[in-house]
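Keep your viewer handy and follow along.

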Amino acid sequence: MQKLTGRGAMRSPGAPSHRRETERQFWEQIATGITSEKAAEAVGVSQAVGTRWFRHNGSMPLSILSPISGRYLSFTEREEIGLLSCQGVGVREIARRIGCSASTVSRELTRNAATRSGRLEYRASVAQRKTELVARTAKPSKLMTSPRLRSYVQDRLEGKVRDAEGHDISGPLPAPFIGRNKPHRGDRKWVIGWSPEQISNRLQTDFPDDESMRISHEAIYQALYIQGRGALKRELVSCLRTGRALRVPRARAQAKAWAHVSEDVMISERPAEAEDRALPGHWEGDLIIGLNRSAIGTLVERSSRFTMLVHLPRKEGYGLIPRTKNGPALAGYGAVTMANALKNTVTDMPAFLWQSLTWDRGKELSDRARFTVESGVKVFFADPHSPWQRGTNENTNGLLRQYFPKGTDLSRWSAREIQAVANTLNSRPRKTLGWKTPAEALDAYLKSVQQFSVATTG
């Protein structure tokens, strides 16, 4: 092979690889915040391939997102070279047709040709594979070539915790590292645990005159997360504060908590009559959370300040069935349970008193589409970090904390007991209502509606 092409022997390519352009499109999909499985489906590769790309690169695409420079031949140009070469077209004519120099075409036909038959046979797929193999030969990282720097970084990551006298403190016995995130609600190894940014900046203080002891925090992250770099042990990711085995793409981290909130259900889309509180029928809602994942739903009518409390008892098996990822929600305020409880509450009052419901951005109302279809109540969500947009509900939750303090178990109260608390609030005079009670204000509106109905029908 070296005699024919000028290159040393290369390992067998095996199955045809996916084009680099396809992988670039995969990472562009990942950058939008979707999962690796959905990104793989979007670019036309298997989910296993997408997962392998994501894990092998530690969710860090690095330079693969940048487009290939025009000075390199693309796969399409290599296909054109292969077709024209088979037709007997000369090197200079091929170069003229694809718009490059003749020396580039001549070198491509020689160096990247297939040689398994004992002679040079140019195939675009083989040429692309050879080019990618050569391009993957990366420059050794600084941590790999500098043992002193690597030792400094490792010691600040996994160094032992010591007392004031310098004695090692072993700490708890951690679970073995299995390539996943930190153990859920389990002991972690006690280490110095400096962040890569702290390590990078501290080097300038500890070695002010030694320029060889310099490294960026991003280079440390790459050495930890990207397989094949070989500079730092993979297990050291457990020494980071987050303990993540993979980096989380920024768009995914931002969209994860509020994926159920779309533009059409934002508070800006709420009917205008809800703003001036002129007519009852527009509600605000949220949860008050207690000890051991207990909760009570709170609903407040914006005009009359009438309060309704939603009983959310725990499901059968809570505390007995081990918690599993994507398992059943047994705490009492899962998405399906919450939607059903709200639907039952809505049916207790006339339909014209339920025009809209503005909720916090919690996932407990992620089943809002089904709730809207079955109850007829439109649901809207407040903007991020804007509790003032639901000020009536926030004020009411503060009043409720007199009866349901933080840090107490709210599951011990029955539906009858929490209804008694709601009646107490609805019987309390409010300054904003001219010292009327919420119950009196709502009752007055119902009587006016009834009189209007009688007058129009009579």
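In this predicted model, strands β6 and β7 run parallel and are joined by 4 bridges.

**Strands around β6**
- W359 has F381 as its bridge partner in β7.
- Together with helix α15 (residues 368-375), β6 and β7 make a right-handed β-α-β unit.
- β6 also pairs with β3, again in the parallel sense, over 4 bridges.
- L357 of β6 is the bridge partner of W283.
- In a regular strand, side chains alternate between the two faces of the sheet.
- In β6, S356 and T358 point one way while L357 and W359 point the other way, and all are buried.

**The nonpolar core**
- The largest nonpolar core has 30 residues, and those touching the most other members are L299, L342, W354, L357 and W359.
- Elements that give two or more residues to this core include β3 (282-289), β6 (356-359), β7 (378-381) and α14 (335-346).
- Helix α14 gives the largest share, 5 residues.
- Among the residues that L299 touches are W283, F306, L342, W354, L357 and W359.
- A second, separate core holds 24 residues, including F207, A223, L236 and V237.

- D286 is found in strand β3.
- D286 counts as buried because its relative accessibility is 9%, and the cut-off for buried is under 20%.
- The side chains of D286 and R390 are joined by a polar contact of 3.1 Å.
- D286 also touches W359, D360, E364 and N393, among others.

How values were computed. Residues numbered from 1 in each chain as written. Predicted model: local features only at pLDDT ≥ 70, side-chain atom pairs only at ≥ 80, totals over all residues. Heavy atoms only, no water. Core = buried A, V, L, I, M, F, W, Y, C linked by side-chain atoms within 4.5 Å. Buried < 20%, exposed > 50% of the residue type's maximum accessible area, 1.4 Å probe, protein only. Contact = heavy atoms within 4.5 Å. Polar contact = N/O pair within 3.5 Å; in protein donor to acceptor, adjacent residues only side chain to side chain. Pairing = 2+ DSSP bridges. Right-handed = clockwise from strand over helix to strand, strands pointing away. Lists of a residue's contacts leave out its neighbours within four places in sequence.
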